[in-house]
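Please examine the sequence and the structure shown below.

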Amino acid sequence: FDTLLIESTGISEPMPVAETFTFTDENGVSLSDVARLDTMVTVVDAGAFLDDWREAKELKEQGLALSDEDDRTVVDLLVEQAEFADVIVLNKVDRVDDETLNATEGLLRALNPRAEIVRAHFGRVPLEKVFDTGRFDLAAASEAPGWLQTLRGEARSEAAEYGIESFVYRARRPFHPARFWALTGQEWPGVLRSKGFFWIASRMNTMGVWSHAGGACRTEPGGPWLAALPDEMLDEGLKVERDGLSVAPWGDRRQEIVIIGARMDREALTAMLDGALLTDAEMKKGPKAWAALPDPFVDWDDEAADDAAGG
């Protein structure tokens, strides 16, 4: 065979598929010994993408869930597949107007600036665009989603051409858990995608991970803040990272959320998020008082962080 084209199911996550080429069996044999993963391609329905993006439909509702415990939404999959792709085929372009087409392409470019986007109808794509391109790079695919590039301050001018813009919300004081929880249930005008890290006052040791796309949002623990760990648990590299991120008196604890959207009011969004931070009066009460604040978030597994910090 010169080329094998593998079509995954519509609900498969691309990272595990790609990682299959890195695994070795008990004899030290890897799939990469006999085959090269060349290109990851995602096909997008130009007529349905934006509608699916806006709605927070669960896979269970669509009869697509892998199990009863599979709580993913359709938009979760759209994000993962678009952000990981080397090539995005924007199909059925003849069935939408220019405004919808440009909005869809602009969002895709914001999600994945490194991917080549190929417009198509009836699935007709030049073979050289998807075969033997040599574009796949696992490290680049893992580290180059649009939100990460924004966080690192890298330019994303192509998305701007389609009216998509982005900024990073940063703060060095914690969110009030109840006020930030309220924000997770309301519309963020103009925002299409946001992702990053957050700090809530009632959970001093554990970083929160925020992910929002369309009508769906998700929060989960992201491990301990480096400031919550004693020196003996950190190697030299992590100590350097901690020191580089630290600001007294709370160390690397911070808000850092990338916000991507169209026709956003940056000042209004910033004011909205600022309003969820602890006030000056609340800050003065300190962490012991913060721990007693009403906290509607689901329980996180803080034990490892608490033990590491001596809590």
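## Salt bridges, sheet and cores

Glu-83 and Arg-193 are both buried, where buried means under 20% relative accessible area, exposed over 50%, and partly exposed in between (1.4 Å probe, protein chains only). The model is predicted, so local features need pLDDT of at least 70 and side-chain atom pairs count only at pLDDT 80 or more, while totals for chains, interfaces and linings use all residues. Residues are numbered from 1 along each chain as its sequence is written, and side-chain values use heavy atoms, with hydrogens and water left out.

The side chains of Glu-83 and Arg-193 form a salt bridge, defined as a side-chain nitrogen of Lys or Arg within 4 Å of a carboxyl oxygen of Asp or Glu. Because Glu-83 lies in helix α3 and Arg-193 in strand β5 (residues 191-198), this pair ties together parts that are 110 residues apart in sequence. Helices (H or I, at least four residues) and strands (E, at least two) are DSSP runs, numbered from the N terminus. The structure holds 17 salt bridges, among them the following.

| Salt bridge | N to O distance |
|---|---|
| Glu-83 and Arg-193 | 3.2 Å |
| Arg-203 and Asp-295 | 2.8 Å |
| Arg-254 and Glu-256 | 3.3 Å |

Arg-203 is buried, with a relative accessible area of 7%, whereas Asp-295 is partly exposed at 26%. Both Arg-254 and Glu-256 are buried.

An open sheet contains 3 strands in the order β1-β2-β3, with parallel pairing; two strands pair if DSSP finds at least two bridges between them. Since β1 (41-45) and β3 (116-119) stand at the edges with a single partner strand each, one side of each is left without a neighbour in the sheet. Strand β2 (residues 87-91) pairs with β3 over 4 bridges, and Leu-90 has Arg-119 in β3 as its bridge partner.

The largest nonpolar core has 23 residues, of which Phe-49, Trp-53, Ile-88, Leu-90 and Leu-108 touch the most other members. Such a core is a set of buried Ala, Val, Leu, Ile, Met, Phe, Trp, Tyr and Cys residues joined through side-chain atoms within 4.5 Å. Two or more residues come from each of α2 (49-54), α3 (74-84), β2 and α4, and α3 gives the most, with 5 residues. A second, separate core of 21 residues includes Ile-259, Met-264, Leu-273 and Ala-276.
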